[in-house]
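Thanks for coming, everyone. Let me put the structure up, and then we will walk through it.

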Amino acid sequence: MASSLSQTVLFSILLFLSLHQACAKMTHLNFYFHVTDVQANATDYGTIIVMDQALREGLDENSTLIGRVQGIQAAVGKDGSLETMFNFLFLNEKYNGSTLAIYGRAPLGTTIERPVIGGTGKFRMSTGYSLAKPVILSATR
């Protein structure tokens, strides 16, 4: 039986988007992707994980919920790197119902840069990139 590591990992996500609407503009978003109950073997080669995690305004787990991160990640590299396919679903008043699609490789131990490949609602026709940096808040065995 695989041992599990119960922890909260936050990804501070910076998104730089070019929104192709009536007048193109740059949007900068900063939020925290709260990942809980991560399995210790989540980066074993071939492991596939389906996610539905909180997207919050701040580091605190009680900070304002602004959406959900839903998607799939797979351990594709022998070095533990992940291939990620995420949809950021916004639930807050300003972007309610809008989504951003982010896809790309996530090497471990570094700032993760991935492309924004599209969006819906307020983010329709978006392009840009995201920068994510993992922050481990607590870990217990």
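Start with a term. A salt bridge here is a side-chain nitrogen of Lys or Arg within 4 Å of a carboxyl oxygen of Asp or Glu. Keep in mind that this is a predicted model: local features need pLDDT of at least 70, side-chain atom pairs count only at pLDDT 80 or more, and totals for chains, interfaces and linings use all residues. Residues are numbered from 1 along each chain as its sequence is written, and side-chain values use heavy atoms, with hydrogens and water left out.

How many salt bridges does the rule give? The count is 2. In one of them, the side chains of arginine 68 and aspartate 52 meet at 3.0 Å, N to O. Arginine 68 is in strand β4 (residues 65-75) and aspartate 52 is in strand β3 (residues 48-56), so this pair ties together parts 16 residues apart in sequence. Strands are DSSP runs of E, at least two residues, and helices are runs of H or I, at least four residues, numbered from the N terminus.

Next, accessibility. Buried means under 20% relative accessible area, exposed means over 50%, and partly exposed is in between, with a 1.4 Å probe and protein chains only. Arginine 68 is partly exposed, at 23%. Aspartate 52 is partly exposed too, at 40%.

Now aspartate 79 and arginine 105. Their side chains form a salt bridge at 3.3 Å, N to O. This pair links distant parts of the chain, 26 residues apart. Aspartate 79 lies in the loop between β4 and β5 (82-90), and arginine 105 lies in strand β6 (residues 99-106). Is aspartate 79 buried or exposed? It is exposed, at 53% relative accessibility. Arginine 105 is partly exposed, at 42%. As a general point, side chains of opposite charge can pair when their charged atoms come close.

Step back to the whole chain. It has 0 helices and 8 strands. Along the sequence, the pattern reads β-β-β-β-β-β-β-β. Of the 141 residues, 41% are buried. Contact means heavy atoms within 4.5 Å. Take contacts between residues at least 6 apart in sequence: 45% of them join residues at least 24 apart.

On to the inside. A nonpolar core is a set of buried Ala, Val, Leu, Ile, Met, Phe, Trp, Tyr and Cys residues joined through side-chain atoms within 4.5 Å. The largest one has 16 residues. Which of them touch the most other members? They are Leu29, Phe31, Phe33, Leu55, Phe88, Phe90 and Leu100. The elements giving two or more residues to this core are β2 (25-36), β3, β4, β5 and β6. β2 gives the most, with 4 residues. There is also a second, separate core of 5 residues, and Ala75, Leu82, Ala106 and Ile112 are among them. In soluble globular proteins, nonpolar side chains tend to be buried together.

Look at phenylalanine 90. Leave aside neighbours within four places in sequence, and its contacts include Leu29, Phe31, Leu55, Tyr95, Leu100 and Phe123.

That brings us to rings. Rings of Phe, Tyr and Trp (its six-membered ring) pair if their centres lie within 6.5 Å; planes under 30 degrees apart are stacked, over 60 edge-to-face, and the rest tilted. The structure holds 4 aromatic pairs. In one, the rings of phenylalanine 86 and phenylalanine 88 have centres 6.4 Å apart and planes at 85 degrees, so the pair is edge-to-face. Phenylalanine 86 is buried, at 3%. Phenylalanine 88 is buried as well, at 1%. Elsewhere, ring pairs join Phe90, Tyr95 and Phe123 into a cluster.

Serine 98 is buried, with a relative accessible area of 2%. Its side chain reaches the backbone nitrogen of lysine 122 at 2.8 Å. Beyond four places in sequence, serine 98 is in contact with residues including Phe88, Phe90, Thr120 and Phe123.

Leucine 91 is partly exposed, at 41%. Leaving out residues up to four places away, leucine 91 touches Ile66, Gly67, Arg68 and Asn96. The C-alpha atoms of leucine 91 and arginine 68 are separated by 7.7 Å, though the two are 23 residues apart along the chain.

Key
A polar contact is a pair of N or O atoms within 3.5 Å; within protein, one must be able to donate a hydrogen and the other to accept it, and residues adjacent in sequence count only if both atoms are side-chain atoms.
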